[in-house]
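Look over the sequence and the model first. Then work through the questions below.

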Amino acid sequence: MADEPSPPDQPIQLQGQLLLADPSLRDGTFNRSVILLAEHDSDQGAMGLILNHPTGKVVGDFLKGHEFASLSKLAVHDGGPVSRDQLTFSSFWWSKNRLRWALRISAKDAVEHAHKPGRIVRAFVGYSGWTAGQLENELRRSSWIPALPQRDLLGYDHDRGLWSELLRHLSPLHQILAKAPDDPFLN
């Protein structure tokens, strides 16, 4: 279930949660995005990765050396608008009923993680970041819908359809939003 935003005088704790872009957030970068919020501190800011924006490229398009051969067909995702000149690897898995992750791991570590059961490895260009207080203000303006990750998250395709798939399970209202066209004013 989506969490209600905290009152302005209470800190918001979202590390480890998903942020689903509100349908009104239609800019190119975050349109229908699902972000794993890997770091969040109201005094330090926040950092996360967009999980559902594949770029159509694979690691082999960026890294040509033989040491990257086993990762060459791994899809590259757009992680967000910050540091778009960097290709990084991340691994995701469940442990003790919680989603866990290792971010910005080396190619060698990515290969090792890929061989561990129950783990998925993704490549990302860029990441999503917020300065202190910025994400909290966006949440208070209802730009994001926070949600706890469910165990089946890693089994879904991490493509543009992930947003509507996750949104439709939150509530009847969210189910309607998930089915709405990109721009309802064009209908």
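Two strands pair if DSSP finds at least two bridges between them. Helices (H or I, at least four residues) and strands (E, at least two) are DSSP runs, numbered from the N terminus. This is a predicted model, in which local features need pLDDT of at least 70, side-chain atom pairs count only at pLDDT 80 or more, and totals for chains, interfaces and linings use all residues. Residues are numbered from 1 along each chain as its sequence is written, and side-chain values use heavy atoms, with hydrogens and water left out.

Q: How many bridges pair strand β6 with strand β8?
A: Strand β6 covers residues 82–95, and strand β8 covers residues 120–130. They pair in the antiparallel sense. The number of bridges between β6 and β8 is seven.

Q: Which residue in the turn between β6 and β7 has a positive phi?
A: Strand β7 (residues 98–105) runs antiparallel to β6, and six bridges join them. Within this pairing, Phe 89 has Ile 105 of β7 as its bridge partner. The two strands form a hairpin with two residues between them. The turn residue with a phi of about 50 degrees is Lys 96.

Q: Is Arg 32 buried or exposed?
A: Most residues other than glycine have a negative phi. Arg 32 has a positive phi, near 55 degrees, and lies in the loop between β1 (18–21) and β2 (34–41). Buried means under 20% relative accessible area, exposed over 50%, and partly exposed in between (1.4 Å probe, protein chains only). Arg 32 has 18% relative accessibility, so it counts as buried.

Q: What is the relative accessibility of Ser 142?
A: Ser 142 sits in the loop between α2 (134–140) and β9 (144–147). Its phi is positive too, near 60 degrees. Ser 142 counts as partly exposed because its relative accessibility is 42%.

Q: Which residue forms a salt bridge with Arg 84?
A: A salt bridge is a side-chain nitrogen of Lys or Arg within 4 Å of a carboxyl oxygen of Asp or Glu. The whole structure has two of them. For Arg 84, the closest N and O atoms are 2.6 Å apart.

Q: What is the N to O distance between Glu 165 and Arg 168?
A: Glu 165 is partly exposed, with a relative accessible area of 21%. Arg 168 is partly exposed as well, at 36%. Their side chains meet in a salt bridge, with an N to O distance of 2.8 Å.

Q: Why is the pair of Phe 92 and Phe 124 edge-to-face?
A: Rings of Phe, Tyr and Trp (its six-membered ring) pair if their centres lie within 6.5 Å; planes under 30 degrees apart count as stacked, over 60 as edge-to-face and the rest as tilted. The structure holds three aromatic pairs. In this one the ring centres are 6.4 Å apart, and the pair is edge-to-face because the planes stand at 80 degrees.

Q: Which residue does Arg 119 lie over?
A: A charge sits over a ring if NZ of Lys or CZ of Arg is within 6 Å of the ring centre and within 35 degrees of the ring normal. Arg 104 has its charged end over the ring of Tyr 127, 4.6 Å from the centre. Arg 119 is 3.7 Å from the ring centre of the residue it lies over, Trp 93.
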